[in-house]
Amino acid sequence: MSGENLAIEVSDLAKTYPNGVCALDGVTFSVPSGTVFGLLGPNGAGKSTTVKILTTLTRPDSGTARVAGCDVLSDPAQVRRHIGCVAQSSGVDPAATGRENLVLQGRLYGLGGGGLREHVDGLLERFGLSDVAGRLVKTYSGGMRRKLDVAMGLVHQPRVLFLDEPTTGLDPEARAELWREIAAMAATGITVVLTTHYLEEADELAGTLAILDQGKVVAHGTPESLKKALHGDSVQVLLNEPPEETAARNALSNVEGVHDIVVSGREIGARVDAGADNAPALLSALESAGLRVASVTLSAPTLDEVYLRHAGRTFRSVQEGHIR
Amino acid sequence: MTAAVIQSYHMAVRDLRAFVRQPFYLAATLIQPVIWLLLFGKLFAPLMEDTHTTDSYIGFLTPGVIAMTALFASGWSGMVFVVEMEQGTLNRFLVTPVRRGALITGRLIQQALSVVLQGLIILVIALATGARFPGGVLIMLVFLACVALIAVAFASLSNALGLVTRSQESVISIAQFLVLPLAFLSSTFVPRRLMPDWMSTIAGGNPVNWLVEIGRQTLDDHVDWSFVLTHGAGLLAVALVCAWLSTLAFRVYQKQA
């Protein structure tokens with residue numbers, strides 16, 4: 001894909017904070033224009049630092065990043081014209097009304113006059129805030145604030161919109177509403193960069209995603225390709241009583257398409273290529289080894305598993321004793 | 001340049017709106033000056049007037065009380081930056097193409113205008129309690145302009161401190177610990193000729209003293225304009241240097257981000 005069609009090109013970004021914390025350790029990814037890009041990872045993985053660099057709030061120690069065709073280091077002013085940003089901590093001014101917040105935001109981009117007024121009215125309407133536009137934001141509910149945040153990110157019709165954990169703290173209904181809005185934005189050609197903890201959110205919205213862990217990209221691709229890369233469906237078998245681990249492994253090792261066997265208590269987990277076809281063979285192999293099966297669950301790979309596979313290391317290492 | 005001016009205007013309007021929406025805050029900032037004028041002033045008036053130090057102690061005190069009120073109010077200015085850092089508003093501005101200088105000057109304009117408003121209210125209170133200012137309207141306006149300059153200087157230092165330390169406590173401390181010493185090391189309460197020599201020497205170089213003595217010209221029939229202009233120019237220089245320092249502090253803030 002040529003550079004022309006990329007909304008974001010990030011190459012080898014590194015940043016260590018003055019306190020010695022290495023936030024980014026060579027991050028590289030790209031985002032095609034007009035798509036939703038999900039940035040996933042545990043806390044401290046480097047998501048926020050990446051977004052701060054891309055939105056010109058901080059500078060990397062090394063590496064390059066281009067947003068909407070402009071270099072964040074050599075031309076931050078131009079980058080700022082093309083981006084909208086909805087930060088995790090709401091940036092709305094609680095002491096002003098919703099409309100004043102939007103108008104000021106537009107003015108800072110050099111907009112003004114009747115055009116700005118109409119545009120602000122349109123955004124208030126679209127986000128269902130028309131009725132409360134004249135009220136001080138400190139009287140808004142969390143969901144209303146979030147909507148205003150997103151509307152403010154859109155006031156200058158940016159080419160790239162950054163949404164940092166946009167649905168954190170929203171009730172399911174407000175979340176679903178915001179998801180529809182994000183999908184609609186991408187359909188109009190805006191590139192959306194979404195950082196999130198919610199895997200179903202990334203699965204639902206993101207065309208491509210990157211998983212960050214300890215300042216590195218550990219997986220990058222479409223949700224589908226990442227799930228496929230796990231090779232096969234997940235099988236969870238619950239036995240009547242805890243098996244001898246080696247006996248269970250031996251019983252399964254010769255079954256076609258079975259790999260990644262994990263034995264834990266009464267449970268055996270494994271991945272099975274073409275699960276529906278190969279699961280019966282797996283079950284009969286267990287039965288003939290004298291292991292009585294209580295229940296079995298077969299599921300297609302989920303993004304949770306992708307995430308755990310790539311970014312679970314940090315999480316798991318903390319609880320290693322528990323897993324092994 | 002024009003963009004920076006327009007943006008400063010919009011930022012100032014935003015701050016002024018917030019100021020106007022908190023009438024209780026304005027009222028609270030006027031409690032102290034009223035105490036200085038009506039309690040402190042009335043308490044020491046017989047002493048000061050019987051010894052012919054001044055004809056009207058309330059009038060004598062008024063310029064200094066206006067100066068102190070301006071220092072207290074502008075000393076808190078940096079708090080707003082700290083709060084805006086915490087609630088994310090500052091970063092929301094920084095991701096827009098707004099000139100960084102406009103974020104500072106917008107706030108300084110609001111500070112300058114609000115201390116002039118406070119000054120006018122205190123003047124009205126002083127007039128109501130019997131103070132008279134025969135110097136005339138022009139010197140009064142020049143004095144209020146100088147009040148705005150000292151507010152710009154002090155607000156700039158407060159902003160710089162808030163941006164660099166990112167802590168509300170540091171800003172509170174400068175506001176609390178600097179104002180009274182600066183007032184006592186000036187002719188706010190007594191004329192310089194009655195001060196101990198060392199105090200009077202320090203007061204000579206204290207911009208707050210320059211401001212108070214410019215204000216005291218309003219009490220005189222004959223305004224010493226050469227004194228007013230030289231010391232007014234000194235206040236302008238102090239304000240410009242402090243404002244420049246606070247834009248440097250902004251750069252430090254962004255580097256630490």
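Predicted model: local features only at pLDDT ≥ 70, side-chain atom pairs only at ≥ 80, totals over all residues.
Residues are numbered from 1 along each chain as its sequence is written, chains are lettered from A in the order in which they are written, and side-chain values use heavy atoms, without hydrogens and water.

**View 1. Cavities of the model.** A cavity is a set of points, on a 1 Å grid over the protein atoms alone, where a 1.4 Å probe fits but cannot get out. Its volume is the space filled by probe spheres set on the points, which are joined across faces, edges and corners. Two cavities of 30 Å³ or more are counted.

**View 2. The largest cavity.** Its volume is about 100 Å³. The lining (residues with an atom within 4 Å of a point) comprises 15 residues, and C85(A), V86(A), A87(A), G91(A) and R92(B) lie nearest the centre.

**View 3. Elements around the largest cavity.** Helices (H or I, at least four residues) and strands (E, at least two) are DSSP runs, numbered from the N terminus. Two or more lining residues come from each of β6 (83-86) and α5 (142-153) of chain A and α5 (89-94) of chain B. The most, three residues, are given by α5(A).

**View 4. The second largest cavity.** This cavity holds about 40 Å³ of space. Its lining includes M11(B), R14(B), D15(B) and F81(B). The largest share, three residues, belongs to α1(B).

Conventions: 1 Å grid on protein atoms, 1.4 Å probe; cavity = no way out; pocket = protein on both sides within 12 Å on 5 of 7 lines; lining within 4 Å.
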